[in-house]
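Subject: Structure handover

Hello,

Here is the structure I said I would pass on. My notes on it follow below.

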Amino acid sequence: MKEFKREIITDIGIDRVLDFLDEKRIKRAIDRVLSKESAARLKAFVQTCVHCGLCSETCHHYLSHDGDPTYAPAAKVKMTIGDILEKDGNVTKEDIKRYARIAFTECNLCRRCTMFCPFGIDIGYLISLVRRICGILGVAPQFIQDQVYSHMSCYNMLWLKQDEWLDTIQWIEDELRYEIKNARIPIGKKDSDILLLIHGLEAKYMTPLLMNMLKIMLVSGVDFTLPDIDGWDYTNKSIYMHDFETMTMVTKRHYEIATKLRVKRIVITE
Ligand code: SF4
Ligand code: SF4
C-alpha cells in the first residue's frame with residue numbers, strides 16, 4: 001500500500017495563539033457557530049455524505065498531494081466538523097490547531113468538489129464553519145490576521161494611514177501633471193456620478209496601475225471622486241476568517257462614504 005508523509009504547516013498565527021486559549025472558550029465558540037449561526041444544512045450535509053469519494057479527484061489539494069486520501073474533501077470534513085460533532089464540541093487546543101491547519105491551508109473553499117458531488121454537498125460551506133470557529137478564537141494564519149486587523153484599524157488591508165492615502169493621491173497628481181495640464185484628481189467631491197474604490201495594493205505597491213487608471217478617467221472626462229477618508233480600499237479580507245463583524249463594518253463604511261458624497265454609484269477596480 002502506498003505510504004504518504006504529511007507535511008505539517010507551522011504558522012505563528014496558529015501555533016502561538018493556542019497558548020492563550022482554554023477549553024471553555026473553545027466550547028463557547030463552537031456552540032455559538034454550530035447552534036446559533038449555522039443552518040440546518042450543516043446536519044443535512046454531514047449526514048448525507050456516503051463517502052463515495054467521487055469528489056476527491058476534483059480537489060487540487062488532493063491531486064497535488066499525490067492522491068493522499070487525507071486531502072480528499074470528504075476526509076477533510078470528517079477530520080474537522082465531523083470530529084467536532086462526534087466530540088459534541090468538547091475538543092482540545094491541539095484539535096483546534098489541526099482543524100485550523102486543514103481549514104486554512106488544505107482547502108481554499110473553491111467549491112469545485114460540490115459541483116461533482118451527486119448530492120451537492122457544499123464542502124466549502126462546511127469548511128468555512130471551521131474557519132469561523134477558529135477565527136473567533138483568533139487561530140488563523142498570521143498573514144490573514146494581520147490584514148483583518150488592518151481593516152479593523154484603518155479600513156484597508158495594508159495599514160495605510162489616512163495622511164499616507166492623501167499623500168499618495170497628491171504625488172500621483174503631481175506626476176500626472178507632466179502629461180495632463182493642470183491635472184486635478186477629485187477627492188471627497190460631492191454629487192459625482194462615480195465613487196471609485198480601489199484595491200489596497202494599488203495605493204501602496206502598485207501605484208503605476210492606479211496612476212494609469214486615474215489618467216484614463218481624467219482624460220475621458222468621467223465624473224468621479226475618490227474618498228477623502230479611510231474606506232477607499234474595497235477589499236474585505238475578513239472574509240477569509242469568516243469574520244462577519246469586520247466584513248460588515250468595512251462594507252458599511254463604503255456605503256456611508258457613498259451616501260455622504262451623494263454619488264450615483266460605486267465602481268471598484270479589478
Ligand atoms: S461529499 Fe459527495 S461526492 Fe464527496 S464523498 Fe461525500 S457524497 Fe461522495
Ligand atoms: S472546496 Fe476545498 S475540498 Fe473542495 S475542491 Fe475546493 S479546495 Fe478541495
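There is 1 cavity of 30 Å³ or more in the protein. A cavity here is, on a 1 Å grid over the protein atoms alone, a set of points where a 1.4 Å probe fits but cannot get out, while a pocket is an open set with protein on both sides within 12 Å along at least five of seven lines; lining residues have an atom within 4 Å of a point. Grid points are joined across faces, edges and corners, and a volume is the space filled by probe spheres set on the points.

This is a predicted model, in which local features need pLDDT of at least 70 and side-chain atom pairs count only at pLDDT 80 or more, whereas totals for chains, interfaces and linings use all residues. Residues are numbered from 1 along each chain as its sequence is written, chains are lettered from A and ligands numbered from 1 in the order in which they are written, and side-chain values use heavy atoms, with hydrogens and water left out.

The largest cavity holds about 100 Å³ of space. Its lining has 16 residues, and Cys59, Cys107, Cys110, Arg111 and Cys113 lie nearest the centre. Two or more lining residues come from each of α4, α5, α7 and α8; helices (H or I, at least four residues) and strands (E, at least two) are DSSP runs, numbered from the N terminus. By class, the lining of this cavity has 7 nonpolar, 5 polar and 4 charged residues. Ala, Val, Leu, Ile, Met, Phe, Trp, Tyr, Cys and Pro count as nonpolar, Asp, Glu, Lys and Arg as charged, and the others, Gly among them, as polar.

Which ligand sits in the largest cavity? It is ligand 2, where sitting in a space means that more than half of the atoms of the molecule lie within 2 Å of its grid points. The shell around ligand 2 has 13 residues, and Cys59, Cys107, Cys110, Arg111 and Cys113 come nearest; a residue is near a molecule if one of its heavy atoms lies within 4 Å of it. Elements giving two or more residues to this shell are α4 (60–64), α5 (73–86) and α7 (112–116). The shell divides into 7 nonpolar, 3 polar and 3 charged residues.

Cys107 counts as buried because its relative accessible area is 11%, and Cys113 because its value is 9%. Buried means under 20% relative accessible area, exposed over 50%, and partly exposed in between (1.4 Å probe, protein chains only). The count of disulfides (a pair of cysteine sulfur atoms within 2.5 Å) is 0.

The largest pocket has about 280 Å³ of space. Of its 21 lining residues, Val46, Cys49, His51, Ala74 and Val77 are closest to the centre. α3 (41–48), α5 and α8 (123–136) each supply at least two residues of the lining, and α5 has the largest share, 6 residues. The lining divides into 15 nonpolar, 3 polar and 3 charged residues.

Ligand 1 takes up the space of the largest pocket. Among the residues around ligand 1 are Cys49, His51, Cys52, Cys55, Cys117 and Ile123. By class, the shell around ligand 1 has 10 nonpolar, 2 polar and no charged residues.

His51 lies in the loop between α3 and α4. It has a positive phi of about 55° although it is not a glycine. Is His51 buried or exposed? His51 is exposed, because its relative accessible area is 52%.

The second largest pocket

The second largest pocket has about 210 Å³ of space. Its lining has 14 residues, of which Leu34, Ser35, Leu42, Lys43 and Leu85 are closest to the centre. α2 (23–37), α3 and α5 each give two or more residues to this lining, and α2 gives the most, with 5.

The chain and two other residues

The protein chain has 13 helices and 3 strands. Of its 270 residues, 49% count as buried. The C-alpha trace spans about 70 × 40 × 35 Å along its principal axes.

Asp88, in the loop between α5 and α6 (93–105), also has a positive phi of about 55° without being a glycine. Ile239 lies in the loop between β2 (224–225) and α13 (244–261), and is partly exposed, with a relative accessible area of 42%.

Regards
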